[in-house]
Amino acid sequence: MNNHTTTAEDVKKREGTTTDVILVGAGIVSATLATILHKLEPTWSITLFEKLDSAGNESSNEWNNAGTGHAALCELNYTPEDENGDISIRRAVEINEQFHTSTQLWSYLVKNGDIQNPEKFIRSLPHISFVHGERNVNFLKKRFDALTQHPQFTDLKYSEDPEHLAEWIPLMMKERSEEEPVAATKSDKGTDVNFGELTRKMLENLSGKDNVTVHYNCNVKDIKQRENGTWEVKVRNFKQDTLEEHASSFAFIGAGGGALPLLQKTGIPESKHIGGFPISGEFLVCDNPETVQRHHAKVYGKEPEGTPPMTVPHLDRRHIDGKDTLLYGPFAGFTPKFLKAGSYLDLPGSVKPDNLISMLAAASKNIPMIKYLAGQLTMSKEERVEQLRDFVPTAKDEDWELLVAGQRVQLIEDTEEGGRGALQFGTKLIHSGDRTLAALLGESPGASVSASIMLEVIEKCFPHYLEQWEPKIKEMIPSYGIDLEDHPDLLAEISAASSEALLLN
């Protein structure tokens, strides 16, 4: 980032541009929406503003997330067990379909020549669920039985045999006690995704188009709707040391954790009574080649009892900048910043008269999570490695270093189910009543399902164009409007096409 000593009074005001679409934030969601809109209406002018000096440097950055192509193949929190012991797979089916939507879009862009070298951003990597203890083994077996009845999960394999598991996850099974039962499921359809590289490729392609402009080092300070319905966007341009006023017919706020403060500034009724709570992620990272070469999978476990879904432990092989590494976590951290490059005033500044009661209610309802965070903040590196040994019994302190990953803002809102100040663990799309502005709030699995979420933006904000746009959407995403669970032949067809285009196994 650029450091400037220029004061606000010294900044010159400069008239900006009028454009059809303005997007805030150069992460995967804005890059996806801009890409889809440009394909649907290539004559529309699109302008994107990013306060950092390049694309994909916040939540989308490859070091700020685990790189899991979330398809519900191994994430146990997507298949909850109710009090009667029944497993719900509804959320898993939904996320799997959404990931197929993303891979279809990426495949289209590769085949169309918009982005090249897909191996730079996506690779095949087995997705494995691993549990130990009789209760968790029973849960995993029921989950396996429920999922494999569904055409999207027929490739799942299950085993409780330690020798068999040693073939799947040798690093995790070495010197593991034989007294406690263990089990795992495995899918060879899993992927490791470099969302930072994918974002950069998409925006590099768009930057070469006549009607698309991407501005870096430009911080959006305010968004207000004019009397004529257009949106006035005030931007601090660090390169020019100017304060600019731009206008657009439609605005999208895809600024990750920074989306909530900007949404609040719009003043739309839909921005009221919502808040956010920031949580940073930390991982243990191993670069020791001898250790890394013994783990070739993404392995997700079961969250400790009584902890939130974000605590699900996982051990991930990553391929970044031509180098293989292992990441284990996440460990939770806390800062009042909403972005890694944000301000310590982000959290207190987001508390407004209309959301104060909801924020207080969220705090009172989530005492266990606050205690969990406090415990995480006081953990030493040695204590973190000791926790890692639950996954890797032979882990050595000297092989692992702590990495501070991305910043996430959990959405707080009043809901019918959760009541006042319910803390949400997922993403939520909010749009204005006149459909001229939209914002994406929340976190995982946002990047993996970005194409599906951006299609939702299009459906909700441009309904009068849908009939005209549908043929092009279907060209990009052949399964659009179709439930894959009811069409196994189409599922097999698009899976094979995506694998071929993206060079997957």
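This is a predicted model: local features need pLDDT of at least 70, side-chain atom pairs count only at pLDDT 80 or more; totals for chains, interfaces and linings use all residues.
Is Asp287 buried, partly exposed or exposed, and at what relative accessibility?

**Stop 1**

Start by selecting the strands of the open sheet. There are 9 of them, in the order E5-E6-E4-E13-E14-E15-E12-E16-E17, with mixed pairing. Now colour strand E5 (157–159) and strand E17 (419–424): these stand at the edges with a single partner strand each, so one side of each has no neighbour in the sheet. As you step from one strand to the next, the twist averages 25°.

**Stop 2: two antiparallel pairs**

Select residues 127–132, which are strand E4, together with residues 182–187, which are strand E6. The two run antiparallel and are joined by 6 bridges. To see one of the pairings, click on His127: its bridge partner in E6 is Ser187.

Then go to E16 and E17. This pair is also antiparallel, with 4 bridges between the strands. Together E16 and E17 make a hairpin, and 3 residues lie between them. Pick Glu413 and you will find Ala422 of E17 opposite.

**Stop 3: helices on the sheet**

**Stop 4: a nonpolar patch**

Show the surface and select Val351, Leu356 and Leu360. These residues make a nonpolar surface patch of about 250 Å². Val351 sits in the loop between helix H9 (346–350) and H10, and it counts as partly exposed because its relative accessibility is 33%.

**Stop 5: salt bridges**

Side chains of opposite charge can pair when their charged atoms come close. The count for this model comes to 27 salt bridges, and here are some to look at.

Select Lys157 and Asp188. Their closest N and O atoms are 3.0 Å apart, and the two form a salt bridge. This pair links distant parts of the chain, 31 residues apart: Lys157 is in strand E5, while Asp188 is in the loop between E6 and strand E7 (191–193). Lys157 is partly exposed, with a relative accessible area of 36%, and Asp188 is partly exposed at 35% relative accessibility.

Now back to Asp287, shown with Lys323. Their side chains meet in a salt bridge at 4.0 Å, N to O. Lys323 belongs to strand E15 and Asp287 to the loop between E12 and helix H8 (289–292), so the pair ties together parts 36 residues apart in sequence. And the answer to the opening question: Asp287 is partly exposed, at 37% relative accessibility. Lys323 also counts as partly exposed, at 44%.

Lys460 is partly exposed at 31% relative accessibility, and Glu456 is partly exposed with a relative accessible area of 26%.

For the last stop, select Glu62, Glu197, Arg200 and Lys201: salt bridges that share partners join these residues into one network.

Definitions and conventions. Residues are numbered from 1 along each chain as its sequence is written. Side-chain values use heavy atoms; hydrogens and water are left out. Two strands pair if DSSP finds at least two bridges between them. Axes are lines fitted to C-alpha atoms, for helices over the stretch in contact, and angles run from 0 to 180 degrees between N-to-C directions. Patches are made of residues with over 30% relative accessible area and no salt bridge: like charges are joined within 9 Å, nonpolar side chains (Val, Leu, Ile, Met, Phe, Trp, Tyr) within 5 Å. Accessible areas come from the Shrake-Rupley method with a 1.4 Å probe; for residues, only the protein chains shown count as cover. Buried means under 20% relative accessible area, exposed over 50%, partly exposed in between (1.4 Å probe, protein chains only).
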